[in-house]
Every structure is written in structure tokens, then in C-alpha cells.
Amino acid sequence: MTDGTAARNRPDDRDEIARLLPAPADRDLTREQHLRHKELLMQHIDHDRAASTASTAAAGPARRTPRRRPVLIASATALALAGALTAGIAMTGTDGRTHGGTTTAATDTRPAAALLHRISAAAARHDTLTVRDDQFVYTREKIREADVTSGKAVVGPLKDDETWLAQEPGPLHRLGLSRVDGETLPLNAELGDTEGTPAGFGRPTYHWLGSLPTDPGRLLDYLYAKTPEVERRQRDQAVFEQIGSLLGGMMPPRTAAALYRAAAEIPGVRRTSEARDVIGRQGLGIVRDDTRYGVRTEWVFDPKDYSFLGARTFLIRDTSYGKAGTLLSGTAELAHAVVDKAGRRPADADGTRTA
């Protein structure tokens with residue numbers, strides 16, 4: 001066991017990580033809040049890593065071993081984090097896309113781009129909905145997550161998750177409702193939003209999504225500019241995850257089409273034919289690896305109509321939290337609709353599914 005691994009596994013470190021995690025049963029956090037919690041945890045681990053490195057350097061030369069980064073998933077709405085790098089990509093310490101200029105790493109993403117362009121074309125064919133500010137977007141999905149507060153990833157049971165997201169532009173203190181296995185709790189404003197949370201990445205309403213650029217290049221520039229900067233975070237991965245956080249909900253067809261084409265331009269994205277959602281439905285996959293943290297995000301699409309089926313996040317190498325292949329979080333999209341009241345299910349909630 002290396003000094004760094006021992007430092008990560010000390011009881012006081014685990015207590016500190018557990019303290020940083022939100023309570024598993026607390027459903028007040030939005031998807032963006034879960035991302036922020038995760039980034040705080042990553043910074044905490046990076047701090048420990050830097051301290052361990054400094055201590056080792058002071059003690060004298062030592063044999064180096066590969067560092068393995070655990071990923072901490074806070075709850076069922078935590079974002080999927082990574083996928084697979086294209087075969088043959090030159091590994092560098094910087095991202096493949098440099099803002100305002102050029103691509104610095106040659107990445108063959110043609111198979112992924114071709115698939116994403118087909119998905120984009122299919123999404124563009126859907127009808128634009130009329131969604132009022134006083135309505136709610138309803139989503140039903142199956143979720144599964146790992147609890148890592150013990151220091152090991154313990155995969156929990158499959159759960160039913162329903163959400164009703166308010167469509168008012170805001171700012172709002174009550175963002176909607178969440179119902180997990182029959183237990184209903186409010187979705188509260190983001191941490192720090194004392195005046196309420198407006199529509200945006202943390203609360204993507206149908207109309208806000210419709211305000212995003214629909215030119216893929218402009219949209220990608222917008223995402224790179226607006227996705228929060230986090231120290232030591234790979235920029236391409238952060239933007240890929242930002243797009244993934246918007247999938248699985250209802251959005252204007254032109255926005256969906258632009259998001260898929262924008263994702264096709266992110267270095268390191270590739271296609272896989274062996275993708276499955278959390279309930280085992282097999283489909284076409286778009287994946288990207290977060291090599292820093294050793295996890296993969298997998299987006300799964302229906303091979304017939306290219307609709308979004310769900311996403312998974314799992315380890316791609318052994319860590320102190322689990323073996324390669326261990327599931328960290330997963331979703332399967334089952335139903336989407338627009339309803340007039342939070343808590344009210346649409347009549348066809350068991351069978352409605354949109355792209």
C-alpha cells in the first residue's frame with residue numbers, strides 16, 4: 001500500500017469525506033448542486049494528494065506507483081461523470097480543445113460524430129411543445145446508486161424516481177417535487193441562492209433551454225464559457241458532463257439537436273455498441289472516460305428511434321472504493337410529460353417517453 005493510499009484510507013479522512021457528503025435521503029439538492037458537492041470532494045482528495053506528495057519528497061526518493069482516484073457519488077440525481085477516449089488518442093496533460101482557437105490533440109471521433117449527428121437529426125424531427133410558466137415538467141426514471149460513505153462503493157437497489165420541475169423563470173425557493181419509492185420531498189433552491197434559484201444550468205426549464213444557441217459551434221463556445229471552472233478539472237470532461245446533465249429531460253427539439261452536435265465536437269468522445277442502461281436495455285452508446293478520476297460516463301440511445309434511454313457511471317480501474325466495472329450511478333428514462341400541478345402524474349406516465 002502506498003503512502004498516498006494509506007493517507008486516503010485513514011479513519012479521519014473517511015470521516016471528513018462522509019461529513020462533506022449530503023445525507024443520502026435528502027432530496028433537496030438539484031443536479032447542479034450534486035456536481036458542486038462532487039467537485040468539493042475532488043478538491044479535498046487533491047489536497048490530500050498534494051500533502052502526501054510533499055511529505056514524500058521531504059523524506060527522500062521513493063518508488064512511484066500509479067495514483068487511482070475514487071469518485072464519490074452523492075445521491076440518485078448525481079451526474080454521470082465519464083465515458084471512453086477514442087482509440088489512438090495522444091494522451092497529454094491538457095484538454096484537446098483550446099478555447100478561442102485550435103484543437104491541440106488529434107482525436108478520431110468520426111464514429112461518435114456520425115452517430116451523434118443521426119441522433120441530432122432524429123431529435124430535430126420532434127414537435128415543439130407549448131409549456132406555460134405555471135406548469136411542471138414531469139420525469140419518471142429508474143435509478144441506482146452507490147453509497148461510498150463507508151469507504152467502499154455499496155451499490156443500492158433499483159428505485160423509482162419521479163420529479164416535477166417548476167417552469168417559472170424564477171428565482172424560486174421551491175423548484176418542484178421529488179418522489180423516490182413513494183416518498184415525496186421538496187426540491188429546494190441551490191445552496192447559497194438566498195433569493196431563490198433562477199432558470200439556468202441548475203434549473204433547466206423548457207424555455208431556458210429554448211434560449212440557448214442552436215448553432216452547434218456557438219452552443220459549444222457557450223458551454224465552454226459558462227460551465228463552472230474547477231481547479232484541476234479537465235475542461236472537456238466538465239463540458240461533456242454539463243451536456244449530460246441536460247439529457248433525460250424535456251427540451252425544444254432544436255436545442256436537443258444542437259446539444260448532440262456540440263457533443264460530437266468534444267475531444268475524447270467515442271461510440272460503443274455495447275451500452276446498456278440501468279435496467280438492462282441495450283442500445284447505442286456514446287461514452288467518454290474521465291482518466292483523472294478513473295470513471296466512465298455512458299449515454300444510451302434506442303437503436304430504433306435514437307431516443308435517450310439513460311446513462312451509467314462506473315469505475316474503469318480498481319480503486320479503494322471498488323473494482324473496475326463497479327456501478328456508481330445509473331438512470332433509465334421511462335416517462336416525460338408536462339402537467340399542471342406538482343405531484344400529479346400524467347395518465348400515460350407508464351408509457352410516455354420522449355427524446
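Helix α6 (residues 216–226) packs against helix α7 (residues 235–246) at an angle of about 110°, and their axes lie 10 Å apart. Axes here are lines fitted to C-alpha atoms, for helices over the stretch in contact, with angles running from 0 to 180 degrees between N-to-C directions. The angle therefore makes α6 roughly perpendicular to α7, a term covering 65 to 115 degrees.

This is a predicted model, in which local features need pLDDT of at least 70 and side-chain atom pairs count only at pLDDT 80 or more, while totals for chains, interfaces and linings use all residues. Residues are numbered from 1 along each chain as its sequence is written, and side-chain values use heavy atoms, with hydrogens and water left out.

Which residues meet between α6 and α7? From α6 come Leu220, Leu223, Tyr224 and Ala225, and from α7 come Arg235, Asp236, Val239, Gln242 and Ile243; contact means heavy atoms within 4.5 Å. By class, six of these residues are nonpolar, one is polar and two are charged.

Now to the strands. Strand β1 (residues 136–147) runs antiparallel to strand β3 (residues 159–166), joined by eight bridges; strands pair if DSSP finds at least two bridges between them. Thr139 has Thr163 in β3 as its bridge partner. Five bridges join β3 to strand β4 (residues 174–180), again antiparallel, and Trp164 has Leu177 in β4 as its bridge partner.

Finally, the whole chain. It has eight helices and 10 strands, and 53% of its 355 residues are buried, that is, under 20% relative accessible area with a 1.4 Å probe, protein chains only.

Methods:
Helices (H or I, at least four residues) and strands (E, at least two) are DSSP runs, numbered from the N terminus. Angles under 35 degrees count as roughly parallel, over 145 as roughly antiparallel, 65 to 115 as roughly perpendicular and the rest as oblique. Ala, Val, Leu, Ile, Met, Phe, Trp, Tyr, Cys and Pro count as nonpolar, Asp, Glu, Lys and Arg as charged, and the others, Gly among them, as polar. Buried means under 20% relative accessible area, exposed over 50%, partly exposed in between (1.4 Å probe, protein chains only).
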